[in-house]
Amino acid sequence: MADVHCRSGGTDTPDRGCLTMECPAKTPGGEEGTPVIWRQAPKSITNPTWTDYPAVSGPTCLYDPQPENVLANIAARILNDFRQLPVNPGSLEAQPFPHTLKGGPTNFYATTGEQGFDVTILGQAVHLTATPANYTYAFGDGTNLGPTPAAGYSIPEAEWLNNETRTSHTYTNTGNYQATLTTSFTGTYSVNNGPPLPINGTLDITTPAKTIQVWKTEKALVADTCQENPNSWGCPGTGTQ
């Protein structure tokens with residue numbers, strides 16, 4: 001709640017900084033703002049007595065003809081605005097890449113994180129955050145993992161195709177597969193430096209497909225190394241690697 005009476009801690013405790021605060025119009029001829037103190041009450045309480053709850057932030061300026069309605073007006077459209085944000089989905093990484101081997105675990109992981117945005121909604125300064133909450137890995141062979149909170153992680157090259165992580169996948173057939181990652185972001189919003197409020201909904205973004213080339217291995221005994229005989233079986237350029 002935006003307390004326009006500038007009470008910082010109960011009915012009889014005015015905030016002097018709020019009482020003397022000036023909120024000039026943002027544009028020539030525009031409306032002046034209203035000094036407010038923000039209060040917070042549990043969502044489980046219907047029609048709380050706001051003076052029973054201490055201030056959580058402020059003082060700050062609120063620009064709206066009816067300051068008491070600004071939170072409800074913003075809340076009614078915040079999910080749509082949240083889903084319009086230019087959130088960076090990051091990328092889907094694979095180890096090894098671009099080639100991996102049939103029958104060996106390929107390590108997948110996501111490269112994204114929390115992101116913040118400052119926008120204006122209904123004339124108010126609103127800060128939004130987008131936080132990755134769940135990931136769905138589509139490996140391109142009809143197999144999916146998730147939704148899962150596991151973003152995965154990079155592992156040393158010595159562990160590739162040997163170490164099975166929570167987000168790794170083993171291909172059972174050779175071929176080229178289009179792997180994608182869908183990240184589900186949750187969000188919060190803060191109006192005029194007020195307390196962060198949860199956004200009831202998610203933003204789901206899918207990365208561009210990444211081609212994973214799955215090869216098979218064959219073993220053979222050879223008499224020379226590729227340095228000694230570049231045309232030996234398995235050497236680059238012979239078509240047998």
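1. Strands E7 and E8 make a hairpin with 2 residues between them, and in the turn Leu-122 has a positive phi of about 55°. The model is a predicted one. One place to look is Phe-117, whose bridge partner in E8 is Leu-128.

2. E8 takes part in a second hairpin, with E9. Here 5 residues lie between the strands, and Gly-140 takes a positive phi near 90°. The pairing of E8 with E9 is antiparallel over 3 bridges. Ala-138 stands opposite Asn-144 in E9.

3. E8 is also joined to E11, which covers residues 175-191, by 12 bridges, and these two strands run antiparallel. Within this pairing, Tyr-137 has Leu-181 in E11 as its bridge partner. How are strands of a sheet held as pairs? They pair through backbone hydrogen bonds, in a parallel or an antiparallel way.

4. For the protein as a whole, the count is 2 helices and 14 strands. The radius of gyration is 28 Å, well over the 18 Å that the globule rule gives for 241 residues, so the protein is more spread out than a compact globule. Along the principal axes, the C-alpha trace spans about 95 × 40 × 30 Å. Buried residues account for 36% of the 241 residues. Of the contacts with a separation of 6 or more, 65% are between residues 24 or more positions apart.

5. E1 pairs with E2, residues 34-39, in the antiparallel sense over 2 bridges. Asp-3 stands opposite Ile-37 in E2.

6. Another open sheet has 3 strands in the order E4-E6-E10, again with antiparallel pairing. Which strands stand at the edges of this sheet? They are E4 (92-95) and E10 (168-170); each has a single partner strand, so one side of each is left without a neighbour in the sheet. On average, and with direction ignored, neighbouring strands of this sheet are turned by 30° against each other. E4 and E6, residues 105-110, run antiparallel and are joined by 4 bridges. Ala-94 has Phe-108 in E6 as its bridge partner.

7. Phe-108 leads on to the aromatic residues. The protein has 3 aromatic pairs. In one of them, the ring centres of Phe-108 and Phe-139 are 5.0 Å apart and the planes stand at 55°, so the pair is tilted. Phe-108 lies in strand E6, whereas Phe-139 is in the loop between E8 (124-138) and E9 (144-148), so the pair ties together parts that are 31 residues apart in sequence. Both Phe-108 and Phe-139 are buried.

8. Is the pair of Tyr-137 and Phe-139 stacked or tilted? The ring centres are 6.3 Å apart and the planes are at 10°, so this pair is stacked; planes under 30 degrees apart count as stacked. Tyr-137 is buried, at 0% relative accessibility. Phe-139 has a relative accessible area of 3% and is buried as well. Together, Phe-108, Tyr-137 and Phe-139 form one aromatic cluster. Tyr-137 is also the residue that has Leu-181 in E11 as its bridge partner.

9. A ring and a charge meet at Phe-97: the charged end of Lys-210 sits over the ring of Phe-97, 4.9 Å from its centre.

10. Thr-207 belongs to the loop between E13 (203-206) and E14 (210-215). Apart from neighbours within four places in sequence, Thr-207 is in contact with Pro-89, Gly-90, Ser-91, Leu-92, Thr-180 and Leu-181. Among these contacts, Leu-181 is the bridge partner of Tyr-137.

Note on methods. Residues numbered from 1 in each chain as written. Predicted model: local features only at pLDDT ≥ 70, side-chain atom pairs only at ≥ 80, totals over all residues. Heavy atoms only, no water. Pairing = 2+ DSSP bridges. Axes fitted to C-alpha atoms, helices over the stretch in contact; angles between N-to-C directions. Phe/Tyr/Trp six-rings, centres within 6.5 Å; stacked < 30°, edge-to-face > 60°. Buried < 20%, exposed > 50% of the residue type's maximum accessible area, 1.4 Å probe, protein only. Lys NZ or Arg CZ within 6 Å of the ring centre and 35° of its normal. Rg over C-alpha atoms; globule rule 2.2 N^0.38 Å. Contact = heavy atoms within 4.5 Å.
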